[in-house]
Amino acid sequence: MATRTNRTERKAYIITGPTSGIGRRAALELAKHGIVVLVGRDPLKLAKVQKTIEDRGQSAVPIVCNLSEPNSVRRAAAEIVALDLPIAGLLNNAGIMQMRPTKNALGWDMSFVTNHLGPFALTEALMPSLPNGANVVFVVSAVEDPERKPAVAAGFRR
């Protein structure tokens with residue numbers, strides 16, 4: 001479970017999928033601007049990114065969350081809220097590309113629930129704790145439509 005943090009610290013940025021690729025790079029960059037809440041499935045990978053950030057004299061808090069499981073999303077959102085951080089933004093970056101169809105424990109398609117439903121549920125659960133002006137960004141892939149550019153970011157401001 002995450003530890004409570006002093007609210008007077010710098011702004012906080014929540015990022016899903018921070019352990020590799022664009023998400024890792026974004027987490028390292030966001031850490032220059034405040035505390036980064038690292039949300040991902042693998043505690044060992046989260047710890048590695050946290051260590052990299054802390055070795056640079058910056059702050060990160062890992063939160064284990066499987067976006068394909070609604071109970072995990074609800075628990076993670078509650079842990080994030082309990083940190084009582086001044087949240088400046090949420091970057092929904094996590095995503096998977098299954099080579100073959102798989103389903104979660106509820107029988108839902110893993111790609112759909114991980115890439116779409118999970119980030120939406122996390123955002124919805126955090127909305128009451130996001131201050132006016134907080135940025136919410138969704139990174140999505142255009143892999144379903146090969147005519148589109150490879151990645152698109154969509155966002156809104158609360």
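The model is predicted: local features need pLDDT of at least 70, side-chain atom pairs count only at pLDDT 80 or more, and totals for chains, interfaces and linings use all residues. Residues are numbered from 1 along each chain as its sequence is written, and side-chain values use heavy atoms, with hydrogens and water left out.

**Packing of α1 on α2**

I noted an angle of about 30° between α1 and α2, with their axes 10 Å apart. That makes α1 roughly parallel to α2 (angles under 35 degrees count as such). Next I listed the contact (heavy atoms within 4.5 Å). R24, A27 and L28 of α1 meet V49, T52 and I53 of α2. I sorted these contact residues into 4 nonpolar, 1 polar and 1 charged.

**Buried side of α1**

Which residues of α1 are buried? I found G23, A26, A27, L28 and L30 within helix α1, residues 21-30 (buried is under 20% relative accessible area, 1.4 Å probe, protein chains only). Their cover includes β1 (12-16), β2 (35-40), α2 (43-55) and β4 (87-92). Helices here are DSSP runs of H or I, at least four residues, and strands are runs of E, at least two.

**D84**

I then checked D84, in the loop between α3 (70-82) and β4. Phi of D84 is near 55°, a positive value in a residue other than glycine. D84 is partly exposed, at 26% relative accessible area (between the 20% and 50% limits).

Notes
Axes are lines fitted to C-alpha atoms, for helices over the stretch in contact, and angles run from 0 to 180 degrees between N-to-C directions. Angles under 35 degrees count as roughly parallel, over 145 as roughly antiparallel, 65 to 115 as roughly perpendicular and the rest as oblique. Ala, Val, Leu, Ile, Met, Phe, Trp, Tyr, Cys and Pro count as nonpolar, Asp, Glu, Lys and Arg as charged, and the others, Gly among them, as polar.
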